[in-house]
Amino acid sequence: MTTTELITTAMDIGDMLLENGAETYRVEESMYRICHAYGVKTAEIFAVPTTIIITVCRKDEAPITLTKRIYNRGTDLNKVDLLNTLCRDMCINKSPYDEVTARIAEIRNTEPYSLGIQILGFAFVAFFFTLLFEGNFKDALVALVTGAAIKVVFNQLDRIKTNPFFEMMVLGAITACFAQLSVHFQLADNMDKIIIGTIMSLVPGIAITNSMRDIIAGDLLAGVTKAVEALLIGTGIAVGAAIALTLLRPVLGV
């Protein structure tokens, strides 16, 4: 594998890892191990949630630097697992460039769960968390419907590439509206349990965990960046719910 092919392959794998929710240290270590396995003794990788920079230098060759801007970030742990497996195979077997490129394309085209399964996931997360927070069965049923509704709206907002903060505001407001209307029409009893149970599916738990792991691993810039991003998402949820509660509570009297 030539140096250009190697640095391009390492960047593609690092890019996909970062886009699908991998920790920063995992991205840097995976890229470094790939370069080292193919005979590169000097490889410098710098990754933050929005950018990856890699420089490699082989003996008797000029250094090559490649930079990639990351625009889309989400969570797909299945792709992270597949990429980890690919990295291990490359380090052990020294796979040729064409084979690696084909496997990267296959992983990139791996389909996530269908929309129907995702809607069911959101619905049941809301249902069981509402019960966990001591809501009754009626509250849980309302949360079930609310969870499904916010996933449908979330999918539409994500499709048109809206701002994540705005998305969370809208979903928080929808959650609070459903909860208040259900209590007003006596379909449920505990508005707060419905809201808390439903928004648990929106809480950026993986982002918070990864930020702490990055900070502990010494990647302070990446860790703080992820922590701030998670904080903004949480703030968006709270602001949206607060707006809905403030506007509807005087009207509905709940």
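Which strands does helix α1 (residues 3-19) lie across? In this predicted model, helix α1 lies across β1, β2 and β3, and its direction is at about 25 degrees to β3.

- An open sheet is built from 3 strands in the order β1-β2-β3, with antiparallel pairing.
- Its edge strands are β1 (42-48) and β3 (64-69), each of which pairs on one side only.
- From one strand to the next, the twist averages 5 degrees.
- Strands of a sheet are paired through backbone hydrogen bonds, in either a parallel or an antiparallel manner.
- Strand β2 (residues 51-57) pairs with β3 in the antiparallel sense over 6 bridges.
- Ile-54 stands opposite Leu-66, a residue in β3.

- Helix α2 (residues 24-37) lies across β1 and β2, at about 160 degrees to β1.

**The cysteines**
- The model contains 0 disulfides.
- Cys-35 takes part in no disulfide, as the nearest cysteine sulfur, that of Cys-91, is 9.5 Å away.
- Cys-35 counts as buried because its relative accessibility is 0%.
- The sulfur of Cys-87 lies 6.6 Å from the closest cysteine sulfur, in Cys-91, which is too far for a bond, because a disulfide requires the two sulfur atoms to be within 2.5 Å.
- Cys-87 also counts as buried, at 7% relative accessibility.

**A loop residue**
- Glu-111 is located in the loop between α4 (97-108) and α5 (115-132).
- With a relative accessible area of 65%, Glu-111 is exposed.
- Glu-111 and Lys-79 are 32 residues apart in sequence, and their C-alpha atoms are 9.5 Å apart in space.

Notes:
Residues are numbered from 1 along each chain as its sequence is written. This is a predicted model: local features need pLDDT of at least 70, side-chain atom pairs count only at pLDDT 80 or more; totals for chains, interfaces and linings use all residues. Side-chain values use heavy atoms; hydrogens and water are left out. Helices (H or I, at least four residues) and strands (E, at least two) are DSSP runs, numbered from the N terminus. Buried means under 20% relative accessible area, exposed over 50%, partly exposed in between (1.4 Å probe, protein chains only). Two strands pair if DSSP finds at least two bridges between them. Axes are lines fitted to C-alpha atoms, for helices over the stretch in contact, and angles run from 0 to 180 degrees between N-to-C directions. Contact means heavy atoms within 4.5 Å.
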